[in-house]
Structure formats: C-alpha cells, structure tokens
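Trainee: Could we go through this structure together? I should like to begin with a helix and then turn to the charged side chains.

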Amino acid sequence: MAIYPIVLTQQTFTHQDNLTYPFEERGLQFGDGIYEVIRIYNGSYYLLNEHVDRLFRSLDAVKIKLPATKEEITDLLLHLLEKNEMTSDGKVYLQVTRGSAPRDHVFPADVPANLYAYVQDLPRHLENLQKGVSSITEPDVRWENCYIKSLNLLPNVLAKQEAKEQGCYEAILHRDDLVTECSSSNIYIVKNGVIYTHPATNRILHGCVRMRVEKFATDLSISFNESGFTKDDLFDADEVFLSSSTSEVMPVIRINQKQIQDGTPGPITRKLQQEYERDANITENNITHSL
C-alpha cells in the first residue's frame, strides 16, 4: 500500500524523507502516546469528527497536552489530503506522543508533544466483505484501560500474529469466557434477530464504526444489546461480524475452524453493510453490486 509523500508534523507539512525525531522519544521508549486511524473513501474522510473527538479523549486520559484545538487538527487533516492530491480509498494514520526528552518515567516538564500523520492507499477488502472471514479465539491479556487508543499494542500484535499464522483474519479476545473485542476491531453476534456486543466500558475501544453500527441498527429497528456474550455464544450465534475503520462491517463465518451456521454472511450483517456503504457515500465497488 503506497504511502503519500507529504506528511503532517506538529502543525506544518514536510516530505516524509525529512521527518525525524530524536532517539529519546517517549513514544519509542515508553509507548507514551496515542493514535488514530481514519478511513478515506474517494478522497474524503469518513467519520472524521468522531475520530478527532476520540483523539482528544485519549489525550485527556493520558494527560498529553496538544497545543491545538479540535478544529485546528481537523483543518490540518483536511489540508493533508489536499497537499497529497488524495482522491482514492485510503487511510490516515495519526500519532501523538508526550514528546522528546531524556529518558525518565516521570513526565518531562515543558516539552511539546510530537504529532505526525500520513496518508496511505487502502482499497476495500471486497472479497472478504462479500464472503466473510475466519477467526480464532485468544485470551484477552491487555491492560484495564482499553478505551484509550494508546500505542501499547503488543498483546494485540501477538494475538493478530497468532491469527495470521493459523490462516485467519482476526483474533477474538475473551476475559474469563466473556468476549470483549478483537485484536483490532469490535465484535458482535446476532441471535434471534438481536445484535449483542460488549458494553462500552474501559475494557474495549469505543470504536467509531461501532457507534455507527448501533445507529444503523436503530434506523433498521434491530435491537442492539450491550449486555455482552460468552465464547460459547459465538458458536451458537445465528451471525457473527466485526467492525473497524479498515474492516468496515466484516462477516465472520468460521471461528477456531468451526463454521458459523451455513458458512455465509447473514441477513442482518448484509443490511448493516448496505447501511455502511450508504452512510459512507460509497457508490462504486460496493458489496451490493458485487454479490
């Protein structure tokens, strides 16, 4: 996936080859920072305001002060697309750390935060969206504050790698048999026409697409239940799907090599996919026309 040459750094723009930070950078040495991934369709952001709002919630949670307002960050991100003449499907990765300072666990005084963002091509995963994907289950060994979109992702990375090594798309995480989310997405089941998912507590990331899925369900008069579900419920579900900015609304048709129902995406998942495409203004290369 191609990375576009112009990157945002602090509140200016430069070529990616010119972007450097000192080796004593707190994101590098402590994972002391947060990030966002924002989806782009046909050169336009999807859920930009929601991502910027979550960015500032994460900043507040870890006590990083960014010398810019939400409106200024939004404007800079829009300019980032313009400067790269971005017109296709892609994503923006944005990262903020506490800054560069001599290594010490204590916060450095009077050190500006480091911010950068870049644009990358990202075509839609149409085949996976149409046919569904396989997943595995893994214990959720992460910290208690998963609602913060922090850089501390090693447990997620290990779970995702295990999924890849088993030929699967995602790892579904669980704590004491209660399913929380996936390594990089939120997870849902459908049973008797009701969508179930983990409540929006500190134990999951409050996904921007997750919030949209809840809205879609309301618009479609589908019950959306945040009481959670167990690992056993996954295998007894009528449908299973996951959501994220890069996965959209993704059907899960097999878990731990066990097929879910008839092994095809279910009708509620299909309705949510269609609502997603409508909401994101996706008029070409969509699922409906490709089925």
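This is a predicted model: local features need pLDDT of at least 70, side-chain atom pairs count only at pLDDT 80 or more; totals for chains, interfaces and linings use all residues.

Mentor: In helix α6, the buried residues are C208, V209, R210, V213, F216 and A217.

Trainee: How far apart are the end C-alpha atoms of α6?

Mentor: They are 17 Å apart, which agrees with the 16 Å that its 12 residues, 208–219, should span at 1.5 Å a residue. Just after α6, S221 takes a positive phi of about 60 degrees.

Trainee: Changing topic, how many salt bridges are there?

Mentor: The count comes to 20 salt bridges. One of them joins the side chains of R142 and E181, at 2.8 Å from N to O. This pair links distant parts of the chain, 39 residues apart: R142 is in the loop between β7 and α5, and E181 is in strand β9.

Trainee: Are R142 and E181 buried or exposed?

Mentor: R142 counts as buried because its relative accessibility is 11%, and E181 is buried, at 3%.

Trainee: Which residues are linked with them in a network of salt bridges?

Mentor: The network also includes D140, E144, R175 and R203. Within it, the side chains of E144 and R203 meet at 3.1 Å, N to O. E144 lies in the loop between β7 and α5, and R203 in the loop between β11 and α6, 59 residues apart. E144 is partly exposed at 37% relative accessibility, as R203 is at 30%.

Trainee: And which residues form a negative surface patch?

Mentor: E71, E72, D75 and E82 form it. E72 is placed in helix α3 and, at 38% relative accessibility, counts as partly exposed.

Methods: Residues are numbered from 1 along each chain as its sequence is written. Side-chain values use heavy atoms; hydrogens and water are left out. Patches are made of residues with over 30% relative accessible area and no salt bridge: like charges are joined within 9 Å, nonpolar side chains (Val, Leu, Ile, Met, Phe, Trp, Tyr) within 5 Å. Accessible areas come from the Shrake-Rupley method with a 1.4 Å probe; for residues, only the protein chains shown count as cover. A salt bridge is a side-chain nitrogen of Lys or Arg within 4 Å of a carboxyl oxygen of Asp or Glu. Lys and Arg count as positive and Asp and Glu as negative; His and the chain ends are not counted. The place of a charge is taken as NZ of Lys, CZ of Arg, CG of Asp or CD of Glu. Helices (H or I, at least four residues) and strands (E, at least two) are DSSP runs, numbered from the N terminus. Buried means under 20% relative accessible area, exposed over 50%, partly exposed in between (1.4 Å probe, protein chains only). The expected span of a helix is 1.5 Å times one less than its number of residues.
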